[in-house]
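The sequence and the structure come first, and the description follows.

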Amino acid sequence: MLLWGIAVAALLQSSPLRAADEASTKKRPNFLFIIVDDQSPFDLKVYDPKSTLDTPNIDRLAAQGMVFDGAYHMGAFVGAVCTPSRHMVMCGRTVWHLPGKRRGKLLNPNADDPKLVPPDLAQYTMPAIFNRAGYDTMRTCKNGNSYEAANKLFTVRHDATKRGGTDQSGSVWHGDQVLDYLNEREQAKDDDPFLIYFGFSHPHDTRDGTPELLKKYGAVNHTDKNSLPPADPKQPKLPPNYLEKHPFHHGHPNLRDEVAVSGVWEKRDERTIRNELGREFACSENIDKQIGRVLQKLDAMGELDNTYIFYTSDHGIAIGRHGLQGKQNLYEHTWRVPFIAKGPGIKAGSRVQGNIYLLDVLPTLCDLAGIKTPKTVEGESFKPVLDGKESAIRDVLYGVYCGGTKPGMRSVKKGDWKLIKYDVLDGKVRETQMFNLAKNPHEYLPEHQRDNPLETDLAEDPKYKEKRAEMEALLLAEMERLDDPYRFWDQGSTDTKSTK
Ligand SMILES: [Ca+2]
Ligand SMILES: [Ca+2]
(Lines give C-alpha, C1' and ligand atoms only; values in the text may rest on other atoms or scores of the structure.)
(Ligands and ions follow the chains in the order given, each with its own letter.)
Protein backbone atom coordinates (compact mmCIF):
# COMPACT_ATOMS: atom_id res chain seq x y z
CA MET A 1 0.00 0.00 0.00
CA LEU A 2 2.79 2.35 0.94
CA LEU A 3 4.74 1.44 -2.21
CA TRP A 4 1.65 2.00 -4.33
CA GLY A 5 1.22 5.43 -2.73
CA ILE A 6 4.79 6.39 -3.55
CA ALA A 7 4.36 5.18 -7.12
CA VAL A 8 1.22 7.28 -7.57
CA ALA A 9 2.93 10.30 -6.03
CA ALA A 10 5.88 9.87 -8.40
CA LEU A 11 3.52 9.54 -11.35
CA LEU A 12 1.64 12.68 -10.33
CA GLN A 13 4.86 14.60 -9.89
CA SER A 14 6.09 13.66 -13.32
CA SER A 15 2.89 14.84 -14.98
CA PRO A 16 3.38 18.31 -16.49
CA LEU A 17 -0.15 19.35 -15.50
CA ARG A 18 0.53 18.51 -11.89
CA ALA A 19 3.81 20.39 -12.00
CA ALA A 20 2.02 23.50 -13.34
CA ASP A 21 -0.61 23.18 -10.62
CA GLU A 22 2.02 23.06 -7.93
CA ALA A 23 3.84 26.05 -9.35
CA SER A 24 0.64 28.07 -9.39
CA THR A 25 -0.27 27.20 -5.80
CA LYS A 26 3.23 28.21 -4.73
CA LYS A 27 2.94 31.66 -6.25
CA ARG A 28 -0.48 32.86 -7.25
CA PRO A 29 -0.60 35.60 -9.89
CA ASN A 30 -0.75 39.28 -9.01
CA PHE A 31 -3.16 41.72 -10.62
CA LEU A 32 -2.65 45.31 -11.70
CA PHE A 33 -5.98 46.68 -12.84
CA ILE A 34 -5.52 50.10 -14.47
CA ILE A 35 -8.63 52.19 -15.04
CA VAL A 36 -8.65 55.73 -16.41
CA ASP A 37 -11.57 58.13 -16.30
CA ASP A 38 -13.33 59.15 -19.54
CA GLN A 39 -11.15 57.96 -22.44
CA SER A 40 -12.32 56.98 -25.88
CA PRO A 41 -10.54 53.92 -27.32
CA PHE A 42 -10.08 55.95 -30.52
CA ASP A 43 -7.72 58.38 -28.75
CA LEU A 44 -5.14 55.58 -28.56
CA LYS A 45 -2.82 54.52 -31.38
CA VAL A 46 -3.75 50.95 -30.54
CA TYR A 47 -7.26 51.71 -31.86
CA ASP A 48 -6.49 54.52 -34.29
CA PRO A 49 -3.02 54.30 -35.84
CA LYS A 50 -3.44 57.90 -37.07
CA SER A 51 -3.81 59.26 -33.55
CA THR A 52 -1.02 61.62 -32.50
CA LEU A 53 -1.31 60.61 -28.84
CA ASP A 54 1.96 59.12 -27.63
CA THR A 55 1.49 56.27 -25.15
CA PRO A 56 4.62 54.11 -25.44
CA ASN A 57 3.85 52.11 -22.30
CA ILE A 58 0.27 51.31 -23.28
CA ASP A 59 1.53 50.43 -26.77
CA ARG A 60 4.04 48.05 -25.20
CA LEU A 61 1.33 46.40 -23.08
CA ALA A 62 -0.61 45.87 -26.30
CA ALA A 63 2.43 44.47 -28.12
CA GLN A 64 3.13 42.06 -25.26
CA GLY A 65 -0.51 41.18 -24.66
CA MET A 66 -4.01 41.13 -26.12
CA VAL A 67 -6.10 44.01 -27.48
CA PHE A 68 -9.90 43.81 -27.35
CA ASP A 69 -11.85 45.47 -30.17
CA GLY A 70 -15.20 44.73 -28.58
CA ALA A 71 -15.04 45.92 -24.97
CA TYR A 72 -18.08 47.84 -23.70
CA HIS A 73 -19.56 49.31 -20.58
CA MET A 74 -23.20 48.34 -20.29
CA GLY A 75 -24.43 51.84 -19.55
CA ALA A 76 -25.94 54.09 -16.95
CA PHE A 77 -29.17 55.20 -15.34
CA VAL A 78 -27.59 58.49 -14.14
CA GLY A 79 -25.72 61.34 -15.77
CA ALA A 80 -22.60 60.35 -13.85
CA VAL A 81 -21.97 57.35 -16.11
CA CYS A 82 -18.86 56.63 -14.02
CA THR A 83 -20.98 55.49 -11.11
CA PRO A 84 -22.81 52.47 -12.58
CA SER A 85 -19.73 51.63 -14.64
CA ARG A 86 -17.54 51.41 -11.55
CA HIS A 87 -20.21 49.43 -9.71
CA MET A 88 -20.18 46.92 -12.56
CA VAL A 89 -16.39 46.62 -12.33
CA MET A 90 -16.55 46.03 -8.59
CA CYS A 91 -19.48 43.60 -8.39
CA GLY A 92 -19.76 42.03 -11.86
CA ARG A 93 -23.52 42.62 -12.09
CA THR A 94 -25.58 43.91 -15.01
CA VAL A 95 -26.68 47.53 -15.05
CA TRP A 96 -30.30 47.11 -13.88
CA HIS A 97 -29.15 44.87 -11.01
CA LEU A 98 -26.93 47.50 -9.40
CA PRO A 99 -27.39 49.53 -6.25
CA GLY A 100 -28.62 52.96 -7.29
CA LYS A 101 -30.09 55.18 -4.65
CA ARG A 102 -29.19 58.75 -3.81
CA ARG A 103 -30.65 60.63 -0.85
CA GLY A 104 -33.55 58.18 -0.70
CA LYS A 105 -34.34 58.55 -4.40
CA LEU A 106 -34.18 55.47 -6.61
CA LEU A 107 -31.90 56.12 -9.57
CA ASN A 108 -32.20 52.52 -10.64
CA PRO A 109 -35.93 51.72 -10.27
CA ASN A 110 -34.96 48.12 -9.35
CA ALA A 111 -32.55 49.14 -6.58
CA ASP A 112 -34.97 48.42 -3.72
CA ASP A 113 -35.82 44.90 -4.89
CA PRO A 114 -33.62 42.47 -2.92
CA LYS A 115 -34.15 39.81 -5.59
CA LEU A 116 -32.56 42.07 -8.21
CA VAL A 117 -30.05 43.90 -6.01
CA PRO A 118 -28.72 41.80 -3.11
CA PRO A 119 -28.56 43.97 0.04
CA ASP A 120 -25.24 42.40 1.11
CA LEU A 121 -23.64 42.91 -2.32
CA ALA A 122 -20.61 44.81 -0.98
CA GLN A 123 -19.42 41.54 0.59
CA TYR A 124 -19.12 40.05 -2.90
CA THR A 125 -17.14 42.84 -4.54
CA MET A 126 -13.60 42.77 -5.88
CA PRO A 127 -11.77 43.77 -2.67
CA ALA A 128 -13.97 41.59 -0.42
CA ILE A 129 -13.45 38.50 -2.59
CA PHE A 130 -9.70 38.97 -2.93
CA ASN A 131 -9.20 39.83 0.74
CA ARG A 132 -10.92 36.56 1.70
CA ALA A 133 -8.75 34.66 -0.76
CA GLY A 134 -5.58 35.88 0.96
CA TYR A 135 -4.64 38.58 -1.50
CA ASP A 136 -3.27 41.95 -0.43
CA THR A 137 -5.55 44.57 -1.97
CA MET A 138 -4.56 48.16 -2.65
CA ARG A 139 -6.36 50.97 -4.38
CA THR A 140 -5.75 54.47 -5.60
CA CYS A 141 -8.35 56.36 -7.63
CA LYS A 142 -10.42 59.51 -7.76
CA ASN A 143 -12.98 60.14 -5.05
CA GLY A 144 -16.69 60.01 -5.69
CA ASN A 145 -18.96 58.76 -8.47
CA SER A 146 -18.07 55.15 -7.73
CA TYR A 147 -18.96 52.32 -5.33
CA GLU A 148 -17.95 53.55 -1.89
CA ALA A 149 -19.15 50.42 -0.04
CA ALA A 150 -16.68 48.39 -2.13
CA ASN A 151 -13.90 50.98 -2.33
CA LYS A 152 -13.53 51.14 1.44
CA LEU A 153 -12.86 47.39 1.64
CA PHE A 154 -9.44 47.63 -0.01
CA THR A 155 -6.86 46.96 2.71
CA VAL A 156 -4.75 49.89 1.57
CA ARG A 157 -6.56 52.83 0.07
CA HIS A 158 -5.23 56.18 -1.15
CA ASP A 159 -8.00 57.97 -3.01
CA ALA A 160 -8.07 61.61 -4.02
CA THR A 161 -9.34 63.46 -7.07
CA LYS A 162 -6.24 64.65 -8.93
CA ARG A 163 -6.98 66.64 -12.07
CA GLY A 164 -4.33 69.32 -11.88
CA GLY A 165 -1.26 70.07 -13.96
CA THR A 166 1.43 69.49 -11.33
CA ASP A 167 2.95 66.34 -9.81
CA GLN A 168 1.05 66.77 -6.54
CA SER A 169 -2.26 67.72 -8.14
CA GLY A 170 -2.25 65.36 -11.13
CA SER A 171 -1.68 61.79 -12.28
CA VAL A 172 1.83 61.59 -10.82
CA TRP A 173 0.18 61.46 -7.40
CA HIS A 174 -1.72 58.25 -8.28
CA GLY A 175 1.48 56.74 -9.68
CA ASP A 176 3.33 57.65 -6.48
CA GLN A 177 0.73 55.85 -4.34
CA VAL A 178 1.32 52.58 -6.19
CA LEU A 179 5.10 53.00 -6.16
CA ASP A 180 5.08 53.75 -2.41
CA TYR A 181 2.97 50.66 -1.84
CA LEU A 182 5.30 48.46 -3.89
CA ASN A 183 8.34 49.90 -2.07
CA GLU A 184 6.75 49.12 1.29
CA ARG A 185 6.01 45.57 0.21
CA GLU A 186 9.57 45.17 -0.94
CA GLN A 187 11.01 46.45 2.34
CA ALA A 188 8.65 44.25 4.37
CA LYS A 189 9.53 41.27 2.11
CA ASP A 190 5.76 40.75 1.75
CA ASP A 191 5.28 37.67 -0.38
CA ASP A 192 1.49 37.52 -0.56
CA PRO A 193 -0.07 37.90 -3.99
CA PHE A 194 -1.50 41.37 -4.59
CA LEU A 195 -4.33 43.02 -6.41
CA ILE A 196 -3.75 46.69 -7.16
CA TYR A 197 -6.62 48.81 -8.41
CA PHE A 198 -4.67 51.57 -10.16
CA GLY A 199 -7.18 54.28 -11.01
CA PHE A 200 -6.65 57.77 -12.38
CA SER A 201 -8.74 60.94 -12.10
CA HIS A 202 -7.80 62.08 -15.62
CA PRO A 203 -8.34 62.49 -18.57
CA HIS A 204 -11.77 63.43 -17.15
CA ASP A 205 -12.21 67.20 -17.17
CA THR A 206 -11.00 69.57 -15.98
CA ARG A 207 -8.18 68.52 -18.35
CA ASP A 208 -5.38 70.56 -16.86
CA GLY A 209 -2.30 69.05 -18.46
CA THR A 210 1.27 69.71 -17.42
CA PRO A 211 2.81 72.74 -19.21
CA GLU A 212 5.27 70.49 -21.08
CA LEU A 213 2.62 68.10 -22.41
CA LEU A 214 0.12 70.84 -23.20
CA LYS A 215 2.83 72.46 -25.32
CA LYS A 216 3.51 69.18 -27.11
CA TYR A 217 -0.17 68.90 -28.12
CA GLY A 218 -0.53 72.64 -28.89
CA ALA A 219 -3.17 73.15 -26.21
CA VAL A 220 -3.84 75.62 -23.40
CA ASN A 221 -5.86 75.28 -20.21
CA HIS A 222 -8.54 77.54 -21.60
CA THR A 223 -10.64 79.22 -18.91
CA ASP A 224 -12.30 82.18 -20.61
CA LYS A 225 -15.79 81.36 -21.77
CA ASN A 226 -15.96 84.51 -23.89
CA SER A 227 -13.00 83.78 -26.14
CA LEU A 228 -11.69 80.93 -28.25
CA PRO A 229 -8.40 79.17 -27.47
CA PRO A 230 -5.63 79.79 -30.01
CA ALA A 231 -5.38 77.52 -33.04
CA ASP A 232 -2.18 75.47 -33.16
CA PRO A 233 -1.13 72.97 -35.85
CA LYS A 234 0.25 70.69 -33.13
CA GLN A 235 -3.26 70.07 -31.80
CA PRO A 236 -4.95 66.76 -32.67
CA LYS A 237 -7.02 66.95 -35.85
CA LEU A 238 -10.80 66.98 -35.67
CA PRO A 239 -12.18 63.44 -35.37
CA PRO A 240 -13.53 62.06 -38.70
CA ASN A 241 -17.09 61.95 -37.34
CA TYR A 242 -16.94 65.46 -35.89
CA LEU A 243 -20.07 67.58 -36.29
CA GLU A 244 -20.77 71.14 -35.18
CA LYS A 245 -24.07 69.98 -33.77
CA HIS A 246 -25.80 66.67 -33.09
CA PRO A 247 -28.80 66.39 -35.44
CA PHE A 248 -31.32 66.07 -32.60
CA HIS A 249 -31.44 66.68 -28.86
CA HIS A 250 -29.76 63.97 -26.77
CA GLY A 251 -32.59 64.17 -24.24
CA HIS A 252 -30.86 65.32 -21.09
CA PRO A 253 -31.49 69.08 -20.71
CA ASN A 254 -28.70 71.03 -18.98
CA LEU A 255 -26.52 67.96 -18.88
CA ARG A 256 -23.27 69.06 -17.27
CA ASP A 257 -20.98 67.32 -19.74
CA GLU A 258 -22.72 68.87 -22.75
CA VAL A 259 -22.93 72.43 -21.44
CA ALA A 260 -20.58 73.08 -18.52
CA VAL A 261 -17.19 71.45 -19.11
CA SER A 262 -14.59 74.15 -18.49
CA GLY A 263 -12.83 74.99 -21.76
CA VAL A 264 -15.70 73.77 -23.96
CA TRP A 265 -19.06 74.74 -22.47
CA GLU A 266 -21.61 74.66 -25.30
CA LYS A 267 -19.05 75.39 -28.01
CA ARG A 268 -18.34 72.84 -30.72
CA ASP A 269 -16.20 74.92 -33.10
CA GLU A 270 -12.95 73.53 -34.45
CA ARG A 271 -10.65 75.62 -32.26
CA THR A 272 -12.43 74.67 -29.06
CA ILE A 273 -12.63 70.97 -29.87
CA ARG A 274 -9.03 70.64 -31.10
CA ASN A 275 -7.73 72.46 -28.05
CA GLU A 276 -9.78 70.22 -25.76
CA LEU A 277 -8.53 67.09 -27.54
CA GLY A 278 -4.99 68.44 -27.05
CA ARG A 279 -5.72 68.73 -23.34
CA GLU A 280 -7.17 65.21 -23.27
CA PHE A 281 -4.04 63.89 -24.99
CA ALA A 282 -1.74 65.77 -22.60
CA CYS A 283 -3.53 64.16 -19.65
CA SER A 284 -3.52 60.71 -21.29
CA GLU A 285 0.20 60.82 -22.02
CA ASN A 286 0.87 61.75 -18.42
CA ILE A 287 -1.11 58.68 -17.35
CA ASP A 288 0.97 56.56 -19.70
CA LYS A 289 4.15 57.83 -18.01
CA GLN A 290 2.83 56.74 -14.61
CA ILE A 291 2.03 53.29 -15.96
CA GLY A 292 5.61 53.13 -17.24
CA ARG A 293 7.00 53.91 -13.80
CA VAL A 294 4.92 51.18 -12.16
CA LEU A 295 5.77 48.56 -14.79
CA GLN A 296 9.45 49.33 -14.37
CA LYS A 297 9.16 48.86 -10.62
CA LEU A 298 7.31 45.54 -11.00
CA ASP A 299 10.04 44.42 -13.35
CA ALA A 300 12.79 45.41 -10.91
CA MET A 301 10.99 43.49 -8.14
CA GLY A 302 10.82 40.40 -10.32
CA GLU A 303 6.99 40.46 -10.19
CA LEU A 304 6.20 41.58 -13.73
CA ASP A 305 6.04 38.14 -15.32
CA ASN A 306 3.66 36.86 -12.65
CA THR A 307 1.30 39.83 -12.86
CA TYR A 308 -1.81 40.13 -14.99
CA ILE A 309 -2.14 43.70 -16.17
CA PHE A 310 -5.39 45.14 -17.47
CA TYR A 311 -5.79 48.57 -19.00
CA THR A 312 -9.20 50.14 -19.52
CA SER A 313 -11.44 53.16 -18.96
CA ASP A 314 -14.79 53.42 -17.18
CA HIS A 315 -16.36 54.46 -20.52
CA GLY A 316 -15.49 56.46 -23.62
CA ILE A 317 -16.14 60.13 -24.37
CA ALA A 318 -17.23 62.20 -27.38
CA ILE A 319 -15.24 65.51 -27.38
CA GLY A 320 -16.64 66.74 -30.67
CA ARG A 321 -17.50 63.41 -32.26
CA HIS A 322 -21.08 63.57 -33.59
CA GLY A 323 -21.34 67.12 -32.20
CA LEU A 324 -21.37 65.78 -28.65
CA GLN A 325 -18.97 66.46 -25.82
CA GLY A 326 -19.78 64.05 -22.98
CA LYS A 327 -20.12 60.37 -22.15
CA GLN A 328 -23.91 60.25 -22.24
CA ASN A 329 -24.43 58.64 -25.64
CA LEU A 330 -24.14 55.20 -27.21
CA TYR A 331 -21.94 55.79 -30.24
CA GLU A 332 -18.90 53.52 -30.33
CA HIS A 333 -16.51 56.30 -29.22
CA THR A 334 -18.38 56.42 -25.93
CA TRP A 335 -20.09 53.05 -25.47
CA ARG A 336 -16.81 51.23 -26.05
CA VAL A 337 -13.79 51.27 -23.79
CA PRO A 338 -10.13 50.59 -24.53
CA PHE A 339 -9.19 47.17 -23.19
CA ILE A 340 -5.75 45.57 -23.11
CA ALA A 341 -4.65 42.51 -21.14
CA LYS A 342 -1.15 41.19 -20.57
CA GLY A 343 0.00 38.35 -18.36
CA PRO A 344 1.04 34.73 -18.00
CA GLY A 345 -0.21 32.68 -20.95
CA ILE A 346 -1.66 35.61 -22.93
CA LYS A 347 -0.28 35.59 -26.45
CA ALA A 348 1.84 38.63 -27.26
CA GLY A 349 0.52 40.87 -30.02
CA SER A 350 -2.87 39.17 -30.16
CA ARG A 351 -6.10 40.97 -31.03
CA VAL A 352 -9.65 39.76 -30.48
CA GLN A 353 -13.23 40.94 -30.75
CA GLY A 354 -13.99 39.62 -27.26
CA ASN A 355 -17.48 41.15 -26.91
CA ILE A 356 -16.86 41.75 -23.25
CA TYR A 357 -18.37 44.16 -20.77
CA LEU A 358 -16.53 45.75 -17.86
CA LEU A 359 -18.75 43.60 -15.63
CA ASP A 360 -16.89 40.54 -16.94
CA VAL A 361 -13.64 41.72 -15.35
CA LEU A 362 -14.41 40.45 -11.85
CA PRO A 363 -15.27 36.84 -12.81
CA THR A 364 -12.21 36.83 -15.07
CA LEU A 365 -9.92 37.92 -12.22
CA CYS A 366 -11.48 35.21 -10.02
CA ASP A 367 -10.97 32.64 -12.77
CA LEU A 368 -7.32 33.61 -13.29
CA ALA A 369 -6.66 33.56 -9.53
CA GLY A 370 -8.39 30.21 -9.05
CA ILE A 371 -11.00 31.79 -6.76
CA LYS A 372 -14.58 30.59 -6.84
CA THR A 373 -16.76 33.30 -8.41
CA PRO A 374 -19.62 34.31 -6.09
CA LYS A 375 -23.19 33.66 -7.25
CA THR A 376 -23.93 37.41 -7.20
CA VAL A 377 -21.70 37.82 -10.25
CA GLU A 378 -23.59 37.94 -13.56
CA GLY A 379 -20.65 38.67 -15.83
CA GLU A 380 -18.77 35.92 -17.62
CA SER A 381 -15.12 35.04 -17.37
CA PHE A 382 -13.27 35.80 -20.59
CA LYS A 383 -10.33 33.64 -19.58
CA PRO A 384 -11.10 31.37 -22.58
CA VAL A 385 -10.41 34.42 -24.77
CA LEU A 386 -7.19 35.24 -22.93
CA ASP A 387 -6.16 31.60 -23.35
CA GLY A 388 -6.72 31.85 -27.11
CA LYS A 389 -9.52 29.26 -27.05
CA GLU A 390 -12.34 31.64 -27.99
CA SER A 391 -12.49 34.95 -29.84
CA ALA A 392 -15.66 36.27 -28.18
CA ILE A 393 -17.76 35.32 -25.16
CA ARG A 394 -21.15 36.53 -26.41
CA ASP A 395 -22.85 37.55 -29.66
CA VAL A 396 -25.21 40.31 -28.56
CA LEU A 397 -24.30 43.49 -26.70
CA TYR A 398 -26.73 45.84 -24.99
CA GLY A 399 -26.20 49.47 -23.97
CA VAL A 400 -28.23 52.07 -22.13
CA TYR A 401 -28.16 55.74 -21.30
CA CYS A 402 -31.06 56.58 -19.05
CA GLY A 403 -29.79 59.50 -16.97
CA GLY A 404 -31.91 62.21 -18.55
CA THR A 405 -35.51 62.09 -19.75
CA LYS A 406 -36.94 58.56 -19.87
CA PRO A 407 -36.76 56.01 -21.30
CA GLY A 408 -33.62 57.54 -22.85
CA MET A 409 -31.28 55.73 -25.26
CA ARG A 410 -30.65 52.06 -25.91
CA SER A 411 -28.29 50.26 -28.23
CA VAL A 412 -27.88 46.70 -29.36
CA LYS A 413 -25.11 45.19 -31.43
CA LYS A 414 -24.70 41.85 -33.13
CA GLY A 415 -21.97 41.07 -35.62
CA ASP A 416 -21.47 44.06 -37.88
CA TRP A 417 -24.86 45.59 -37.10
CA LYS A 418 -25.84 48.08 -34.47
CA LEU A 419 -29.09 49.81 -33.57
CA ILE A 420 -29.47 52.91 -31.38
CA LYS A 421 -32.88 54.18 -30.28
CA TYR A 422 -33.80 57.48 -28.63
CA ASP A 423 -37.10 58.17 -26.88
CA VAL A 424 -36.68 61.37 -24.90
CA LEU A 425 -38.17 64.75 -23.97
CA ASP A 426 -41.68 63.32 -23.46
CA GLY A 427 -41.79 61.83 -26.92
CA LYS A 428 -40.54 64.97 -28.70
CA VAL A 429 -37.49 63.02 -29.88
CA ARG A 430 -38.11 59.51 -31.16
CA GLU A 431 -35.28 58.36 -33.37
CA THR A 432 -33.77 55.09 -34.52
CA GLN A 433 -30.33 54.71 -36.08
CA MET A 434 -28.83 51.60 -37.63
CA PHE A 435 -25.22 51.19 -38.69
CA ASN A 436 -23.18 48.55 -40.43
CA LEU A 437 -20.03 48.94 -38.35
CA ALA A 438 -17.87 46.94 -40.77
CA LYS A 439 -18.62 49.47 -43.53
CA ASN A 440 -19.26 52.47 -41.29
CA PRO A 441 -17.10 52.15 -38.18
CA HIS A 442 -17.29 55.89 -37.44
CA GLU A 443 -21.11 55.76 -37.50
CA TYR A 444 -21.41 58.51 -40.07
CA LEU A 445 -24.83 60.15 -40.26
CA PRO A 446 -26.45 61.86 -43.27
CA GLU A 447 -25.02 65.13 -41.85
CA HIS A 448 -21.48 63.85 -42.51
CA GLN A 449 -22.35 63.76 -46.24
CA ARG A 450 -20.31 60.70 -47.16
CA ASP A 451 -20.42 59.36 -50.72
CA ASN A 452 -20.45 55.68 -49.84
CA PRO A 453 -24.14 54.65 -49.50
CA LEU A 454 -23.27 52.42 -46.52
CA GLU A 455 -21.56 55.22 -44.62
CA THR A 456 -24.75 56.53 -43.10
CA ASP A 457 -27.65 55.68 -40.81
CA LEU A 458 -29.51 52.83 -42.52
CA ALA A 459 -32.49 52.57 -40.17
CA GLU A 460 -35.01 54.04 -42.61
CA ASP A 461 -33.55 52.41 -45.73
CA PRO A 462 -36.16 49.94 -47.09
CA LYS A 463 -33.33 47.63 -48.26
CA TYR A 464 -32.56 46.86 -44.62
CA LYS A 465 -36.11 46.50 -43.36
CA GLU A 466 -35.59 42.89 -42.32
CA LYS A 467 -32.28 43.61 -40.63
CA ARG A 468 -33.92 46.42 -38.70
CA ALA A 469 -36.77 44.17 -37.55
CA GLU A 470 -34.21 41.62 -36.39
CA MET A 471 -32.25 44.26 -34.44
CA GLU A 472 -35.41 45.74 -32.90
CA ALA A 473 -36.40 42.25 -31.69
CA LEU A 474 -32.92 41.66 -30.29
CA LEU A 475 -33.05 44.93 -28.39
CA LEU A 476 -36.40 44.14 -26.83
CA ALA A 477 -35.21 40.66 -25.88
CA GLU A 478 -32.15 42.12 -24.18
CA MET A 479 -34.28 44.71 -22.35
CA GLU A 480 -36.52 41.92 -21.06
CA ARG A 481 -33.61 39.64 -20.17
CA LEU A 482 -31.79 42.35 -18.24
CA ASP A 483 -34.83 43.67 -16.32
CA ASP A 484 -34.73 47.04 -18.09
CA PRO A 485 -37.68 48.77 -16.37
CA TYR A 486 -38.57 50.91 -19.39
CA ARG A 487 -39.99 50.36 -22.87
CA PHE A 488 -39.89 52.51 -26.00
CA TRP A 489 -42.78 54.04 -27.91
CA ASP A 490 -42.79 51.35 -30.57
CA GLN A 491 -42.14 48.30 -28.41
CA GLY A 492 -45.82 47.51 -27.97
CA SER A 493 -45.69 47.28 -24.20
CA THR A 494 -48.26 47.98 -21.55
CA ASP A 495 -45.52 48.67 -19.04
CA THR A 496 -46.61 51.65 -16.96
CA LYS A 497 -43.11 53.10 -16.92
CA SER A 498 -42.89 53.21 -20.71
CA THR A 499 -44.30 56.68 -21.24
CA LYS A 500 -42.85 58.65 -18.36
CA1 LIG B 1 -15.80 58.47 -16.03
CA1 LIG C 1 0.71 40.93 2.92
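Eight strands make up an open sheet of mixed pairing, in the order β8-β7-β9-β1-β10-β11-β2-β12. Strands β8 (156–159) and β12 (350–352) each have a single partner strand and stand at the edges, so one side of each lacks a neighbour in the sheet. From one strand to the next the twist averages 10°.

The model is predicted: local features need pLDDT of at least 70, side-chain atom pairs count only at pLDDT 80 or more, and totals for chains, interfaces and linings use all residues. Residues are numbered from 1 along each chain as its sequence is written, while chains are lettered from A and ligands numbered from 1 in the order in which they are written.

Strands (E, at least two residues) and helices (H or I, at least four) are DSSP runs numbered from the N terminus. Two strands count as paired if DSSP finds at least two bridges between them. Pairs in the sheet are listed below.

| Strand pair | Sense | Bridges |
|---|---|---|
| β1 (30–37) and β10 (307–313) | parallel | seven |
| β1 and β9 (194–203) | parallel | six |
| β10 and β11 | antiparallel | four |
| β2 (66–68) and β11 (339–342) | antiparallel | two |

Asn30 has Thr307 of β10 as its bridge partner, and Ile34 stands opposite Phe198 in β9. Further along the sheet, Thr312 stands opposite Phe339 in β11, and Val67 has Ile340 of β11 as its bridge partner.

Burial is judged by counting other C-beta atoms, placed from the backbone, within 10 Å of a residue's own: 20 or more means buried, 12 or fewer exposed, and anything in between partly exposed. In β1, eight of the eight residues are buried. One side of β1 carries Asn30, Leu32, Ile34 and Val36, the other Phe31, Phe33, Ile35 and Asp37, and both faces are covered. In a regular strand, side chains alternate between the two faces of the sheet. Strand β10 is largely enclosed by the rest of the structure, because seven of its seven residues are buried. Thr307, Ile309, Tyr311 and Ser313 point one way from β10, and Tyr308, Phe310 and Thr312 point the other way.

Helix α7 (residues 171–187) lies across β7 (136–141), β8 and β9, and runs at about 170° to β9. Such angles run from 0 to 180 degrees between N-to-C directions, with axes fitted to C-alpha atoms, for helices over the stretch in contact.

A UniProt record, an unreviewed entry, places the feature "domain: Sulfatase N-terminal" at residues 29–371. UniProt positions follow the numbering used here, feature names are shortened, and annotations may be inferred rather than shown by experiment. Over residues 29–371 the chain is 29% helix and 16% strand, with its end C-alpha atoms 12 Å apart.

Helix α14 (residues 465–481) has 17 residues and spans 24 Å from first to last C-alpha, close to the 24 Å expected at 1.5 Å a residue; the expected span is 1.5 Å times one less than the number of residues. Met471, Leu475 and Met479 are buried in α14. These buried residues line one face of the helix, because they fall within an arc of 75° seen down its axis, the arc being that of the directions from the helix axis to the C-beta atoms. They pack against β15 (408–414), β16 (417–424) and β17 (429–436), where contact means C-beta atoms, placed from the backbone, within 7 Å. The face turned away from the buried side of α14 carries the exposed residues Glu466, Ala469, Ala473, Glu480 and Arg481. Just after α14, Asp483 takes a positive phi of about 60°.

Terms used:
Two residues are in contact if their C-beta atoms, placed from the backbone, lie within 7 Å.
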